Amino acid sequence: MKIIAAKDYNDMSRKAANIISAQVILKPDSVLGLATGSTPIGAYKQLIEWYEKGDLDFSQVRTVNPDEYKGLTRDNDQSYYYFMRQNLFNHINIDLANTNIPDGMIEDPQEACKAYDEVIKSLGGIDLQLLGLGNNGHIGFNEPDEIFTQGTNCAVLTESTIQANSRFFATIDEVPKLAYTMGIGQIMSAERVLVVASGRAKAPIIKEIVEGPVTPRVPASILKFHKNAILVADEEALSLL
Ligand code: F6R
């Protein structure tokens with residue numbers, strides 16, 4: 001895994017946006033795997049700025065998000081569907097028909113996972129998968145486990161993830177306990193993986209990923225076996241290495 005050191009959050013965001021931007025320029029009909037959470041917001045802002053300047057064209061880009069909370073409607077302001085519109089899609093010339101996010105309102109996990117596996121398959125491969133990093137090493141919502149997941153699965157969120165994500169909800173009880181997520185196998189099939197991380201809270205898990213063994217107890221550790229994985233992290237996130 002290649003590590004690119006950034007000075008701070010803004011620098012990390014610009015560096016990540018540069019990599020995504022290069023992907024879109026080199027291949028205008030790229031399939032971009034996108035992420036939600038706090039970390040990628042700065043990169044999205046930068047991409048929007050470059051789009052507004054006329055430097056980027058998303059008209060042919062297709063996107064696929066790794067995850068969605070189970071049970072949240074699309075108009076719920078905590079759904080990832082809502083997040084992607086607010087933070088990126090509403091501000092660029094992407095065709096919304098070309099954007100894909102798991103449907104959190106499908107009640108039956110088997111049906112939901114099968115449907116999303118088919119969506120991912122129909123895209124014919126992900127060119128670049130952007131990912132944030134959970135404090136416990138999760139990628140997408142693939143939580144620490146005994147095995148690496150292959151396809152889309154219904155994840156039971158750990159206490160640590162529920163706690164971390166409660167900052168976006170009025171009370172911790174409102175945080176969904178289940179989420180649909182792309183599997184580790186599908187993430188590993190992406191041509192390139194770009195992980196972004198910022199802040200001191202991510203430093204212990206980055207140390208574990210970089211210096212520890214590859215294990216499903218630290219899902220992101222598998223990225224060390226990916227042929228083209230990049231971690232763009234700021235000084236604080238890299239401070240324990
Ligand atoms: C979001 C996702 C999660 C987050 C991770 C980090 O789509 O899949 O894995 O990327 O929880 O979140 P932040 O960036 O808020 O620290």
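1. A polar contact here is a pair of N or O atoms within 3.5 Å; within protein, one must be able to donate a hydrogen and the other to accept it, and residues adjacent in sequence count only if both atoms are side-chain atoms. By that rule, a polar backbone atom of Gly132 is 3.5 Å from an oxygen atom of the ligand, a polar side-chain atom of Arg167 is 2.8 Å from a ligand oxygen, and a polar side-chain atom of Lys202 is 2.6 Å from one. Of the 410 Å² of accessible area that the ligand has on its own (Shrake-Rupley method, 1.4 Å probe), the protein covers 93%.

2. This is a predicted model, in which local features need pLDDT of at least 70 and side-chain atom pairs count only at pLDDT 80 or more, while totals for chains, interfaces and linings use all residues. Residues are numbered from 1 along each chain as its sequence is written, and side-chain values use heavy atoms, with hydrogens and water left out.

3. The residues around the ligand, meaning those with a heavy atom within 4 Å of it, include Thr36, Gly37, Ser38, Thr39, Asp67 and His138.

4. An open sheet of 7 strands, with parallel pairing, runs in the order β1-β10-β9-β6-β2-β3-β5; strands are DSSP runs (E, at least two residues) numbered from the N terminus, and two of them pair if DSSP finds at least two bridges between them. Because β1 (2-6) and β5 (99-100) stand at the edges with a single partner strand each, one side of each is left without a neighbour in the sheet.

5. Within this order, β2 (residues 31-33) and β6 (residues 128-131) are paired in the parallel sense over 2 bridges, and Gly33 has Gln129 as its bridge partner in β6.

6. Strand β8 (residues 178-181) runs antiparallel to β4 (residues 67-69), to which 3 bridges join it, and also antiparallel to β7 (residues 153-156), with 4 bridges. Ala179 of β8 is the bridge partner of Tyr69, and Ala155 also stands opposite Ala179.
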